[in-house]
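User: I want to learn how to read symmetry, cavities and pockets in a model. Please take me through one.

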Number of protein chains: 2
Amino acid sequence: LVKCRKTMLRSLQSQLSRSKFILASTSPRRKEILEKTGLTFDIVPSLFPEDLDKSQFTPASYVQENALCKAKEVAAQCRNASLIIGADTVVELDGQILEKPNDKTHAVQMLMSLSNRKHNVFTGVVLLRPDPAGGEAIVLRKFVECTEVLMTTFNEEMIRAYVDGGEPMDKSGSYGIQGEGASLVESVTGCYFNVMGFPLHRFCKHLVSLLEEKEI
Amino acid sequence: LVKCRKTMLRSLQSQLSRSKFILASTSPRRKEILEKTGLTFDIVPSLFPEDLDKSQFTPASYVQENALCKAKEVAAQCRNASLIIGADTVVELDGQILEKPNDKTHAVQMLMSLSNRKHNVFTGVVLLRPDPAGGEAIVLRKFVECTEVLMTTFNEEMIRAYVDGGEPMDKSGSYGIQGEGASLVESVTGCYFNVMGFPLHRFCKHLVSLLEEKEI
């Protein structure tokens, strides 16, 4: 059971405890952020291959589609859940989508391209209700949150040392704002938790409205 | 010893390890943020009574003066340190300085005043070099960082539950952006860590320049 932390959701505790929530993501950052809501939830990894053709999408439509595909795949595995939470995060720079780096050279190159300028972080979130009878899951909510991040001026020595430390390798855009990468960030404009991978405030607002509308 | 986390400071590791750093603050948030730099440091609480007359200060000059007084007091205790780090944080709303709440009623009142609008968080930082011979410490750097925070619309039930949980009581402005309070924050503009109590990026930049100028 997750420790009770539910400022926005506290008064809805009894309704929430009757529902079975599933996070369709293995990201430890998303787990950590979702725990701040006080929700009790299970984690079920999606088997969706994440092989969409990026050239066919804007950054916003790309994360939205990935989040939907991940959530749908998990909804088919977990038909008795109340709500499946799918999410996907990318970095956008000059219209290009940056995801996790392929290797250390790629990570250094990606980070150097972010030096001394702003980029955007997009997270798409999809909330699905599975059909216990085996039909298509229902999309209750979908949204995209964007946060602007201004990076400091890097030198290559600094960046090589950061990449050698390992943190960038499993992160979209090759940095972790909550970890070692924190000192690289001059400022953010928007939701900070969105940069970590999950737009906490907006998710809570949607959950409150879903409860009010008796959708979950 | 603090775990090695020093993206901006990594290439300066050997110089930094020769210096003795002291954080003149018992805030667990400041300790946590400063640890992200990889610095090894001691914590020495300041005995400065923090009794300045707020009506004589702007929010920026108030946190600057508090940080200076805290750092000076610790510099007198620790004359052989290389650098004393003093810091102070307040919330500003309509020109009024909000600090830690006096009691639960005060915390509820303070939080309700932040509902559905923007406020500013100011942190003053002072970096001092003590005089081993017993003279006045030298001010190497002082600066103030301001971050704008937009809060969601609260209802009193939500806020009472948050205050009853205890988190607001030791925090300027009565909320913790990194804890339960996270879901209350719609967006930030500026340094996120500044809202937690310590402007990480700007501190790192000053430390790099102090090393380059051989001031520490």
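User: Which element gives the most to the lining of the second largest cavity?

Analyst: General idea: on a 1 Å grid over the protein atoms alone, a cavity is a set of points where a 1.4 Å probe fits but cannot get out, and lining residues have an atom within 4 Å of a point. Strands (E, at least two residues) and helices (H or I, at least four) are DSSP runs, numbered from the N terminus. Here S7(B) gives the most, with 3 residues. Strand S7 (185-190) of chain B and helix H6 (192-196) of chain A each supply at least two lining residues. The lining includes A:Cys191, A:Phe193, B:Val185, B:Glu186 and B:Val188.

User: What should I know about the source of these values?

Analyst: This is a predicted model: local features need pLDDT of at least 70, side-chain atom pairs count only at pLDDT 80 or more, and totals for chains, interfaces and linings use all residues. Residues are numbered from 1 along each chain as its sequence is written, chains are lettered from A and ligands numbered from 1 in the order in which they are written, and side-chain values use heavy atoms, with hydrogens and water left out.

User: What volume does the second largest cavity have, and how do its lining residues divide by class?

Analyst: A volume is the space filled by probe spheres set on the grid points, which are joined across faces, edges and corners. For this cavity that is about 30 Å³. For classes, Ala, Val, Leu, Ile, Met, Phe, Trp, Tyr, Cys and Pro count as nonpolar, Asp, Glu, Lys and Arg as charged, and the others, Gly among them, as polar. The lining has 8 nonpolar, no polar and 1 charged.

User: How are the two chains related?

Analyst: In general, two copies of a chain are related by a rotation about an axis and a shift along it. Chain A goes onto chain B by a turn of 180° and a shift of 0.0 Å along the axis, with an RMSD of 0.0 Å. The copies are therefore related as by a two-fold rotation axis. In chain A, A:Thr189 comes closest to that axis, its C-alpha at 2.2 Å. With contact meaning heavy atoms within 4.5 Å, 100% of the interface residues of chain A are also interface residues in chain B, so the copies meet through the same surface.

User: Where are the pockets?

Analyst: A pocket is an open set of points with protein on both sides within 12 Å along at least five of seven lines. Of its 35 lining residues, B:Arg30, B:Thr89, B:Lys100, B:Asp170 and B:Ser172 lie nearest its centre. S3(B) gives the most, 4 residues. The lining divides into 14 nonpolar, 11 polar and 10 charged.

User: And the second largest pocket?

Analyst: About 540 Å³ of space lies in the second largest pocket. Its lining counts 27 residues, with A:Ser27, A:Arg29, A:Arg30, A:Lys100 and A:Asp170 nearest the centre. The classes are 9 nonpolar, 9 polar and 9 charged.

Terms used. Least-squares fit on C-alpha atoms with pLDDT ≥ 70 in both.
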